[in-house]
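Here is a short tour to read beside the sequence and the coordinates. Take a look at the model below, and then we can walk through it topic by topic.

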Amino acid sequence: MLHFSSLIHHSLRKTRVVSDDAGCVCGGSSLNRSSIDGGKQLHHHQHQSISSLSVAFPTEVALTNGTPMETLSPASASSLFNRLQLDDDLEADGRDLYASMETRDLFVTVDDPKKHVSTMETYITYRVSTKTSRIEFDLPEYCVRRRYQDFDWLRIKLEDSQPTHLIPPLPEKFVMKGVVDRFSEEFVETRMKALDKFLKRVADHPVLSFNPHLNAFLTAKDLNKRQGLALLTKVGESVKHVAGGYKLRARPAEFCAMGEYLDTFSLKLGTIDRIAQRIIKEQSEYLTELREYGTVYSSWAGSEQELRRPLEGVAACVTTCCGALEELSDNMSQDFLPVLREYVLYVESMKNVLRKRDQSQAEYEGRLEAAVLRKQEDRTPIPMEVEKCQDKMECFNADLKADWERWQSNKRQDFKQLLTGMADKNINYYEKCQAAWESLITLLQDRQTEDKTSETN
Amino acid sequence: SPPLYDHLFSCLSKENLIPCPHPSMVEKGTNLLRKMEINVVEAEKRTGKNTVNMQETYTVYLIETRPAETVPEGGTPATPDTLWRRYSEFELLRTYLLVTYPYIVIPPLPEKRVSDAYLEGKVKNLYKFKFVWHKLSADNLDPDFVERRRGGLENFLLRVASHSVLSNDEIFFHFLTEGWRERVLETGFQDKADSRLKSLSAMFRVKNPDKRFTALKHYCDELNTVISQLLRVRARVADRLYGVYKVHGNYGRVFSEWSAIEKEMGDGLQSAGHHMDTYAASIDDILEEEEHYADQLKEYLFYTDAVRSVCRKHELIQYELEMAAQDLTHKKQQKEELATGTVRVFSLKGMTSKLFGQESQEQRESRLAALEQSIQEGEEAVKEKNTECQEFVRTAWEDIERFKEQKDKDLREALISYAIMQISMCKKGIQVWSNAKECFNKM
């Protein structure tokens with residue numbers, strides 16, 4: 001059973017797991033992760049009882065070694081087990097998520113964007129679907145509509161109420177009007193995927209997922225957000241925490257290492273972002289020239305007889321390659337870059353949490369020092385609040401370390417997927433081009449053998 | 001794989017990478033190529049004094065010839081005869097052929113000078129990415145240029161040697177084997193060349209142009225335009241593609257730096273980075289190979305000039321025929337007037353005789369006789385010219401048909417080899433990205 005479960009964990013990275021009781025909640029087009037294939041995401045539901053879980057598979061699930069699985073027909077668990085290849089990698093990955101898998105009982109999805117036009121404003125809402133067996137929730141299923149503002153509210157609430165934890169980032173709040181079309185399909189799609197990821201990360205977190213604000217977000221018909229929300233900026237938050245003005249003397253080594261890592265990592269992310277943008281730009285210029293290149297062959301074909309078909313064939317090939325290239329570039333813009341940028345935000349979040357931790361340590365040390373001095377002076381015992389501060393700091397350290405581990409592990413998975421996705425897209429591009437040129441050769445060679453036989457006749 | 005693949009791959013894998021003349025060309029007739037192998041194997045720099053007694057550096061090319069006989073198993077081929085020739089000598093040979101066989105489409109020579117576009121490409125690569133150092137040469141001694149020219153010269157010789165008419169030319173044979181200078185100068189073709197140049201650059205209009213030649217000229221103009229355009233755009237495409245590949249090299253560096261701060265991800269990232277470097281480096285060879293396709297196109301670009309040359313020569317002959325016919329008609333009319341006494345055609349003699357009195361019967365008769373003579377000569381001239389014209393049209397059109405067939409076959413093969421290059425590029429791309437993917441998977 002262990003083997004099989006770990007297999008499910010692995011494939012779950014690309015599927016939604018649906019709880020047994022209520023049948024399948026088809027959330028439409030959204031999957032746990034942006035699927036490697038971009039494009040059409042067909043849903044193909046298989047319902048099987050494996051202990052208390054059903055599993056839904058999309059039409060294409062790939063194993064870590066890249067072997068695509070054929071479409072699954074409804075099959076028993078054992079035959080599934082027999083058909084799938086097992087290797088060490090699979091097991092190792094499975095073990096990481098095994099624990100969370102066993103206890104996962106909260107599933108969320110963001111999809112179905114809709115435009116709302118009112119006299120005051122135009123905005124987009126998304127459907128947020130929840131399935132859960134937790135007792136903290138009254139019902140097993142919920143379906144609400146939320147807009148970006150609501151996600152922002154949730155994030156701020158989480159940061160306030162769980163200051164010792166790393167809160168996942170949201171996609172950028174403000175976009176330059178006129179530069180980016182806030183209602184274009186691509187923008188909405190990209191934003192929706194990021195919101196979905198945000199919510200899933202929160203729902204997966206062992207502490208954050210139990211936050212009452214999350215509960216409200218997922219269940220309330222109308223979110224009762226406190227007034228003055230718009231004024232609550234990040235600056236305001238940090239002011240709260242800096243109050244007290246304690247200065248940290250020495251950051252413990254392990255947290256220093258984290259800080260250094262984050263600094264370097266965010267630099268590298270920035271570089272990768274710039275490189276990717278440059279590639280997209282170069283590809284776009286290449287595409288422009290390539291298009292003209294194709295038309296020249298077409299116009300040449302017009303003045304030839306024997307060579308007409310071969311030249312038209314070349315023109316068609318070039319056109320096919322143009323299409324494939326465009327697809328590749330679009331994918332980079334829409335799937336690769338946003339995820340990269342999201343991680344930059346994530347790094348900023350993490351740095352923020354580190355700073356807060358430093359604050360809590362500074363506060364504790366400051367108070368302790370003051371208390372010790374007073375004790376030396378007039379034997380006043382160390383007040384309770386100093387102990388509370390120490391507790392708070394130790395809690396913070398422990399939470400942060402746990403979150404750090406989670407974050408590192410998720411980061412590894414995310415980048416593995418991101419980069420293999422990029423490689424896949426490039427491979428697809430070349431495969432398409434190769435196929436086009438190979439069919440051209442067949443066309444040209446057929447003519448040649450035709451000519452040769454007619455010559456000998 | 002189909003036999004054509006094998007044929008092309010063996011051609012492409014040879015050093016010169018210029019397409020072999022189509023097999024059917026070599027089989028036809030008694031071509032020189034059946035008797036001897038011709039190769040332009042090397043290039044060397046020489047310095048010497050030129051005609052104005054100034055030092056100059058130039059390149060010479062080594063021509064190797066050996067009898068084309070099958071070598072027995074384990075046997076060594078005969079040592080070739082060799083001699084050195086410089087570009088200007090090739091030019092001389094071509095001019096000689098142009099003049100001597102005006103009805104033949106004479107194969108073109110490769111470019112004389114490094115073109116501006118060629119230099120521009122190199123400068124761009126130099127400053128844009130600083131990945132590849134190209135030695136910037138403003139002269140014809142640039143090694144890449146010399147190498148391409150070597151191939152082009154060999155191609156020229158092979159084309160001439162496989163032509164049913166040109167291959168039998170003695171001067172050509174001597175060009176390949178021994179002192180030819182004196183011989184070629186003996187032919188006195190220089191004078192013919194000068195007069196040809198003069199006449200071809202003269203402005204004249206043909207009254208009844210041959211429709212076939214007009215259509216052919218029009219086609220050549222179109223072909224020239226479209227191939228020029230194609231070469232220009234192809235160069236821009238290559239430039240852009242270079243950029244795309246080279247930027248990926250930056251991934252190599254950043255992955256390497258990033259891997260330094262990672263634990264489990266480090267190895268995968270690092271090795272993926274190496275593959276990105278490989279990817280970026282691969283474009284150099286890819287584009288180098290593509291230059292050979294450009295050379296094949298360029299040959300036909302220059303060929304259009306050779307065809308237009310033949311058309312022009314025909315026009316000239318046609319014009320001369322028309323002039324001769326016109327001249328004859330004029331003389332006949334003159335004779336008629338003189339005989340009947342009516343003045344329809346203006347003549348100075350006629351005018352002066354009107355002004356200064358009639359001429360005597362004797363004078364008239366002697367003039368008539370002279371005219372008769374002139375008319376006879378004129379008729380001979382027209383007949384000759386007509387024959388010349390017809391013969392020219394016949395032989396020229398024969399060669400043009402041959403040329404058209406050659407062009408269609410060569411260009412089709414060029415397109416096939418271009419497609420093969422593209423496929424090879426795609427395969428390399430798939431390989432590199434698959435390798436990178438494997439590394440990412442191990443992260």
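B:Gly74 counts as exposed because its relative accessibility is 78%, where exposed means over 50%, buried under 20% and partly exposed in between, with a 1.4 Å probe and protein chains only as cover. This is a predicted model, in which local features need pLDDT of at least 70 and side-chain atom pairs count only at pLDDT 80 or more, while totals for chains, interfaces and linings use all residues. Residues are numbered from 1 along each chain as its sequence is written, chains are lettered from A and ligands numbered from 1 in the order in which they are written, and side-chain values use heavy atoms, with hydrogens and water left out.

- B:Gly74 sits in the loop that lies between strand 2 (55-67) and strand 3 (81-86) of chain B; helices (H or I, at least four residues) and strands (E, at least two) are DSSP runs numbered from the N terminus.
- From B:Gly74 to B:Ala280, 206 residues apart along the chain, the C-alpha atoms are separated by 43 Å.
- Strand 2 of chain B runs antiparallel to strand 1 (residues 36-49) of chain B, and 13 bridges join them; strands pair if DSSP finds at least two bridges between them.
- Within this pairing, B:Thr65 in strand 2 of chain B stands opposite B:Ile38.
- The hairpin of these strands has five residues between them, and B:Asn53 takes a positive phi near 60 degrees there.

**Chain B as a whole**

- Chain B contains 13 helices and three strands, and 50% of its 443 residues count as buried.
- Contact means heavy atoms within 4.5 Å. Among the contacts in chain B with a separation of 6 or more, 76% are between residues 24 or more positions apart.
- B:Lys385 belongs to helix 13 (residues 361-441) of chain B, and B:Lys385 counts as buried because its relative accessibility is 16%.
- Beyond its neighbours within four places in sequence, B:Lys385 is in contact with B:Ile317, B:Glu320 and B:Leu321.

**Chain A as a whole**

- Chain A has ten helices and seven strands, and 48% of its 457 residues are buried.
- In chain A, 72% of the contacts with a separation of 6 or more come from residues 24 or more positions apart.
- Chain A exposes about 23000 Å², of which carbon and sulfur atoms supply 53%.
- Helix 4 (residues 148-161) of chain A has 14 residues and is mostly covered, with eleven of them buried. Among the buried ones are A:Tyr148, A:Phe151, A:Trp153 and A:Arg155.

**Where the chains meet**

- 58 residues of chain A are in contact with 61 residues of chain B.
- About 5900 Å² is buried between chain A and chain B, and carbon and sulfur atoms give 70% of that area; buried area is the accessible area (1.4 Å probe) that two parts lose on being put together, summed over both.
- A:Tyr293, A:Trp300 and A:Tyr430 supply 12% of what chain A buries against chain B, more than any other three residues.
- The rule finds nine salt bridges across this interface, each a side-chain nitrogen of Lys or Arg within 4 Å of a carboxyl oxygen of Asp or Glu.
- A:Glu289 forms a salt bridge with B:Arg236, and their closest N and O atoms are 2.8 Å apart.

Notes
The expected span of a helix is 1.5 Å times one less than its number of residues. Accessible areas come from the Shrake-Rupley method with a 1.4 Å probe; for residues, only the protein chains shown count as cover.
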